[in-house]
Amino acid sequence: MDSPLPTPHAAQLDLRYPHPHSVEDFQRNLLAVRARIDAACQRVGRDPAGVRLLPVSKTMSEAALRMAYAAGCRELGENKVQEATRKQAAMADLADLRWSIIGHLQTNKARWVAQHAAEFQALDSLRVAQVLDRHLQAAGRQLDVFVQVNTSGEASKYGVTPDDAAAFIQQLDSCPALRVRGLMTLAVLSPDHVQVRACFVLLRRLRDQLRRHVPASVSLDELSMGMSGDYEIAVEEGATVVRVGQAIFGARALPDSHFWPGNPA
Ligand SMILES: *Cc1c(COP(=O)(O)O)cnc(C)c1O
């Protein structure tokens with residue numbers, strides 16, 4: 001089930017993220033990330049229990065995922081449904097492993113998400129919401145969803161605009177099988193911490209503002225923001241979920257532009 005990735009040239013890989021080769025390596029990586037999350041919480045007076053670490057396993061091999069499981073991971077984030085489908089089928093023996101879909105979804109892939117995913121973090125289209133809702137009702141399930149917001153203003157990024165978020169969430173009222181849990185964003189991919197932090201602050205303020213207007217049935221508690229390069233900043237700004245791949249699984253061979261368009265390769 002391993003995806004046929006090109007063998008990366010070593011120089012392409014981010015040296016900050018060496019590859020784990022054993023369960024112990026995974027445990028060490030998980031503990032190191034968790035310690036940094038906890039330290040970020042301490043800096044701003046937050047309870048570390050309020051931050052969930054979601055390990056992101058996209059492009060990684062089944063062997064790596066099984067080691068992560070053995071190291072204690074019980075949920076994994078995947079960006080593409082096709083890849084998640086393949087991995088979930090291959091690892092169906094791990095019955096308590098939950099799959100979180102964190103990338104853009106096309107309606108023709110919504111059925112699998114409705115049937116197998118534990119949550120969907122990249123909702124930004126009413127059409128997708130309606131198709132998901134229909135499949136969920138057929139399956140007799142509900143699904144936790146996050147509304148993806150484009151906080152970087154980059155035209156190529158997925159997500160509703162901050163201005164459209166309130167109306168979008170109102171419309172989701174017509175999809176009773178979706179449980180809106182909060183907002184998700186990808187910060188601008190930049191070494192400039194000021195710009196990155198501004199994206200996270202925008203998402204938190206938007207959440208606080210929306211909370212006062214959404215229907216009582218919606219609990220907008222969650223803020224999914226922060227990845228390997230910026231999760232400590234995200235935690236300082238209120239993240240309740242951080243989606244961390246490379247700092248746990250090692251560097252990816254493919255540039256991020258492969259997973260969401262518009263970022264520099
Ligand atoms: C890949 C991905 C992540 C994790 O990125 P890393 O750099 O591996 O930590 C987070 N969120 C989304 C939507 C992703 O596609």
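This briefing describes a predicted model, covering its annotated features, its ligand surroundings and several residues and their contacts. Residues are numbered from 1 along each chain as its sequence is written. Because the model is predicted, local features need pLDDT of at least 70 and side-chain atom pairs count only at pLDDT 80 or more, whereas totals for chains, interfaces and linings use all residues; side-chain values use heavy atoms, with hydrogens and water left out.

**Annotated features**

- According to UniProt, in an unreviewed entry, residues 30-252 form the feature "domain: Alanine racemase N-terminal"; UniProt positions follow the numbering used here, feature names are shortened, and annotations may be inferred rather than shown by experiment.
- The end C-alpha atoms of residues 30-252 are 17 Å apart, and the span is 41% helix and 17% strand. Helices (H or I, at least four residues) and strands (E, at least two) are DSSP runs, numbered from the N terminus.
- The unreviewed UniProt entry also places "modified residue: N6-(pyridoxal phosphate)lysine" at K58.

**The loop between β1 and α2**

- K58 is situated in the loop between β1 (52-55) and α2 (62-70).
- K58 counts as buried because its relative accessibility is 5%. Buried means under 20% relative accessible area, exposed over 50%, and partly exposed in between (1.4 Å probe, protein chains only).
- T59 lies in the loop between β1 and α2, and T59 is buried at 10% relative accessibility.
- T59 has a positive phi of about 70° although it is not a glycine. Most residues other than glycine have a negative phi.

**Ligand surroundings**

- There are 13 residues around the ligand, of which K58, N79, S228, G245 and R252 come nearest. A residue is near a molecule or strand if one of its heavy atoms lies within 4 Å of it.
- N79 places a polar side-chain atom 2.7 Å from an oxygen atom of the ligand.
- R252 likewise has a polar side-chain atom 2.7 Å from an oxygen atom of the ligand.
- For Q246, a backbone N or O atom lies 2.8 Å from an oxygen atom of the ligand.
- On its own the ligand has 390 Å² of accessible area, and the protein covers 98% of this. Accessible areas come from the Shrake-Rupley method with a 1.4 Å probe; for residues, only the protein chains shown count as cover.

**Helix α3**

- In helix α3 (residues 81-90), the buried residues are V81, E83, A84, K87 and Q88.
- Viewed down the axis of α3, these buried residues fall within an arc of 155°, so they line one face of the helix. The arc is that of the directions from the helix axis to the C-beta atoms.
- Exposed residues Q82 and A89 are carried on the face of α3 turned away from its buried side.
- The packing partners of the buried residues of α3 are α2, β2 (75-78), β3 (98-101) and α4 (110-116). Contact means heavy atoms within 4.5 Å.

**Q121 and S224**

- Q121 belongs to strand β4 (residues 119-123) and is buried, with a relative accessible area of 0%.
- S224 belongs to strand β7 (residues 222-224) and is also buried, with a relative accessible area of 0%.
- The side chains of Q121 and S224 make a polar contact at 2.7 Å. A polar contact is a pair of N or O atoms within 3.5 Å; within protein, one must be able to donate a hydrogen and the other to accept it, and residues adjacent in sequence count only if both atoms are side-chain atoms.
- The side chain of Q121 also makes a polar contact with the side chain of E119 (2.9 Å).
- Leaving aside neighbours within four places in sequence, S224 is in contact with residues including F146, M184, V241 and R243.

- T151 is in the loop between β5 (143-148) and α6 (165-171) and is buried, with a relative accessible area of 8%.
- The side chain of T151 makes a polar contact with that of T185 (2.8 Å).
- The C-alpha atoms of T151 and F200 are separated by 7.7 Å, although these residues are 49 residues apart along the chain.
- R197, in helix α7 (residues 193-211), is partly exposed, with a relative accessible area of 28%.
- Not counting residues up to four places away in sequence, R197 touches I233, E236 and E237.
- The side chain of R197 makes a polar contact with the side chain of E236 (2.8 Å).
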